[in-house]
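Subject: A structure for you to look at

Hi there,

I am passing a structure on to you, with some notes to go with it. Please have a look at it before reading on.

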Amino acid sequence: MPNIVIFDTTLRDGEQSPGASMTLEEKVRIAKALERMRVDVIEAGFAVASPGDFESVKAVAHAVQDSRICSLARARAEDIDAAAGALRSAQASRIHTFIATSPIHMQYKLRLPPEQVLEHAVKAIRYARNLVDDVEFSCEDAGRSEPDFLCRIIEAAITAGARTINIPDTVGYAIPGQFGDLMATLLQRIPNADKAIFSVHCHNDLGLAVANSLAAVLAGARQVECTINGLGERAGNAALEEVVMALATRKDLFGLETRIQTTEIVPTSRLVSSITGFPVQPNKAIVGANAFAHESGIHQDGVLKHRETYEIMRAQDVGWNTNRMVLGKHSGRAAFRARLEQLGIALDSDGMLNDLFARFKELADKKHDIYDEDLHALLSSVSTTEIPKIYALIALEVLSKTGQAPEANLSLSVHGQQKQVRATGSGPVDAAFRAIEALANSGASLELYSVNAITSGTDSQGEVQVRLNDAGRIVNGQGADTDILVASVKAYLDALNLLSSPLQRAHPQMSGDGI
Ligand code: KIV
Ligand code: ZN
């Protein structure tokens, strides 16, 4: 059965979700999870956007062996040079260059006539092909581009050396039947179409990203660009788990195979959700908590008699119920390190291992069974060199009594100096956050506060997400602890530390003029 290439862009387009930015170390962890899942191509970032993005692409390229690593680049030499530089140590690399092809983008954003857009594309592809063998070209806003112009520019792109041609529905405007027809038209009309793989990249503004991607596949596309949990710019991208499971479940219709190890889907979804702070809605297909839950008596009865009456997939095939009890109170350093290695987590130094092991022991004193999810939460809590730790929790005491305003007594380290403060609030979390702000005076507004249990049971760690907005700069802080008040304070401090970080990211669609 022919293969279909799964191209994951969680680390690039996914990161363009407001508030979903990730640290270098988090990106490497996600990349390792994608590699375990056997994703064919991982788009690791947009190397030219910032030194942080460059280093992240470089680190992913270094860490991953079994997936091809890709960097995005506008159709200009400096972008392509940065991409090639960051990808140097990759086992297999790809440069993905793009330029907008729709009348509205060419006229108002690029301010270039179509002929010049075509020239820029050809020049960029040739330039990139001198640096790497594998070049992908995207016609940004292809969904609103004129088919005649698409045919011309794509033919020239293939002649210039592009091996993959991506047709993005950048603004999520397409409708499945029409988008499938566009793909079929391109494949029929472009004389050298057989020299490249046609790809699809759909956004979800009308909730049709997966449907449009699958329509394009039915019309002949052989690469799908997607993200875990459908993360991405605005309403997101096509969700990898939905695309992969549609292809697997309806093999009868598609006649195509992916390499994806589907049992890694749920663990990877959880990892991405915990790192980005974007919870998965319970009724989300495949990875939502209710995706395989049967509530109605008639359905339960049917499933008990014959599972296929109401289930088209098996929960265990996508990785439900696979959270393994890995470690406990008596596990030693060697077992701990071995489990981290199995999860693809390499710690830079013995110091980091010691730090993490000490936190693991602390947690194991409070919580009997430590699962992979707990280890990931611990990892998120150890210091990375990228983010300055200006604020750190020393001690927290919260007094909460029916009929009285809760009071928080907080001791923080601020720039290495111990500070003490007391505040009251409408609830214990409010009191704790007011106490932090009494010291930090950040002026940022709290946009999201959410608590989730990482695993099941009342001794589970609570994982808290705090989203702060400081004059348009949005950051997501995370904290985990068996005490959700402590987790809340850690998450708030994490967000404040991120706000203090000089790392700024420019995103391709937002930065400059697009070429
Ligand atoms: O949506 C889009 O057009 C993109 C391109 C850069 C591929 O993300
Ligand atoms: Zn996109």
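Below are some notes on its domains and on one pair of helices.

This is a predicted model, in which local features need pLDDT of at least 70 and side-chain atom pairs count only at pLDDT 80 or more, while totals for chains, interfaces and linings use all residues. Residues are numbered from 1 along each chain as its sequence is written, chains are lettered from A and ligands numbered from 1 in the order in which they are written, and side-chain values use heavy atoms, with hydrogens and water left out.

The protein chain is assigned domain 1 (5–276), domain 2 (297–381) and domain 3 (391–500); such bounds come from an automatic or database domain assignment. The centres of domain 1 and domain 3, taken over C-alpha atoms, lie 38 Å apart. Eight residues of domain 1 are in contact with five residues of domain 3 (contact means heavy atoms within 4.5 Å).

Now to the helices (DSSP runs of H or I, at least four residues, numbered from the N terminus). H8 (residues 209–219) packs against H9 (residues 240–249) at an angle of about 45°, and their axes are 10 Å apart. That angle makes H8 oblique to H9 (under 35 degrees is roughly parallel, over 145 roughly antiparallel, 65 to 115 roughly perpendicular, and the rest oblique). Axes are lines fitted to C-alpha atoms, for helices over the stretch in contact, with angles from 0 to 180 degrees between N-to-C directions. On the H8 side, Val 210, Leu 214 and Val 217 make the contact, and H9 brings Glu 242, Val 243, Ala 246 and Leu 247.

Best wishes

Conventions: Helices (H or I, at least four residues) and strands (E, at least two) are DSSP runs, numbered from the N terminus.
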